[in-house]
Amino acid sequence: AIWAIGDLHLAFGAPDKSMEVFGSAWKDYASRLEKNWRAVIQKEDLILIPGDISWAQKFEDALVDLEWIDTLPGTKVILKGNHDYWWPSNKKLATGLPPSIHFVNNNAFHWNDVTIGGSR
């Protein structure tokens, strides 16, 4: 299966920017996201995450959020969102992302019989 989810706005790497400041609907959003993710997504699935992944400002800080995503089932493909200020060069992404996470940024990702491509 192929799934898509955007606007995670994770804040493990930037705890002072948690979405919980926006009200009770956001309380424990990361744990609720994880619970629901694990309930429906299998390790064989592809998950597209089209941006606004982490509130971190630097890649090193965003890695905490990306490593959390890496622990979840499935192969993930990320795209840069307008709030992803941490997003580094393609070279740094290629060498620094956790193993289950791939990116599309002026390139393409091949998975089974599916190709995900993108450019700005």
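Helices (H or I, at least four residues) and strands (E, at least two) are DSSP runs, numbered from the N terminus. The expected span of a helix is 1.5 Å times one less than its number of residues.

Before you click around: this is a predicted model, where local features need pLDDT of at least 70 and side-chain atom pairs count only at pLDDT 80 or more, while totals for chains, interfaces and linings use all residues. Residues are numbered from 1 along each chain as its sequence is written, and side-chain values use heavy atoms, with hydrogens and water left out.

**Stop 1: helix 1**

Select residues 29–40. These twelve residues form helix 1, which should span 16 Å at 1.5 Å a residue; the C-alpha atoms at its ends are 17 Å apart, and that agrees. Now pick out Tyr29, Ala30, Leu33 and Trp37, the buried residues of this helix (buried means under 20% relative accessible area, exposed over 50%, partly exposed in between, with a 1.4 Å probe and protein chains only). They sit on the same side of helix 1, because they cover an arc of only 95° around the axis (the arc is taken from the directions from the helix axis to the C-beta atoms). On the face turned away from that buried side, look for the exposed residues Lys35 and Ala39.

What do the buried residues of helix 1 pack against? Show strand 2 (46–50), helix 2 (59–70) and strand 3 (75–79), and you have their packing partners. Contact here means heavy atoms within 4.5 Å.

**Stop 2**

Four of them make an open sheet in the order 1-2-3-4, with parallel pairing. Strand 1 and strand 4 are at the edges with a single partner strand each, so one side of each has no neighbour in the sheet. From one strand to the next, the twist averages 25° (axes are lines fitted to C-alpha atoms, for helices over the stretch in contact, and angles run from 0 to 180 degrees between N-to-C directions).

Zoom in on strand 1 and strand 2, a parallel pair with three bridges; two strands pair if DSSP finds at least two bridges between them. Ile2 is opposite Leu46 in strand 2.

**Stop 3: the cores**

A nonpolar core is a set of buried Ala, Val, Leu, Ile, Met, Phe, Trp, Tyr and Cys residues joined through side-chain atoms within 4.5 Å. The largest one here has 28 residues, and those with the most contacts inside it are Ile49, Ile53, Leu66, Ile69, Ile78, Trp86 and Leu97. At least two residues of this core come from each of helix 1, strand 2, helix 2 and strand 4. Helix 2 gives the most, with six residues.

Setting aside neighbours within four places in sequence, its contacts include Ile49, Leu66, Trp86, Leu97 and Phe103. Another core, of seven residues, lies apart from the largest one, with Leu46, Leu48, Phe109 and Trp111 among them.

**Stop 4**

Asp7 and Asp28 are both in the loop between strand 1 and helix 1. Most residues other than glycine have a negative phi. Asp7, though, has a positive phi near 60°, and Asp28 has one near 55°. Asp7 is partly exposed at 44% relative accessible area, and Asp28 is partly exposed at 40%.

Finally, go to Ser100, in the loop between helix 3 (90–96) and strand 4 (101–103). Is Ser100 buried or exposed? Ser100 counts as buried, because its relative accessibility is 16%. Not counting residues up to four places away in sequence, Ser100 touches Asp70, Gly74, Thr75 and Lys76.
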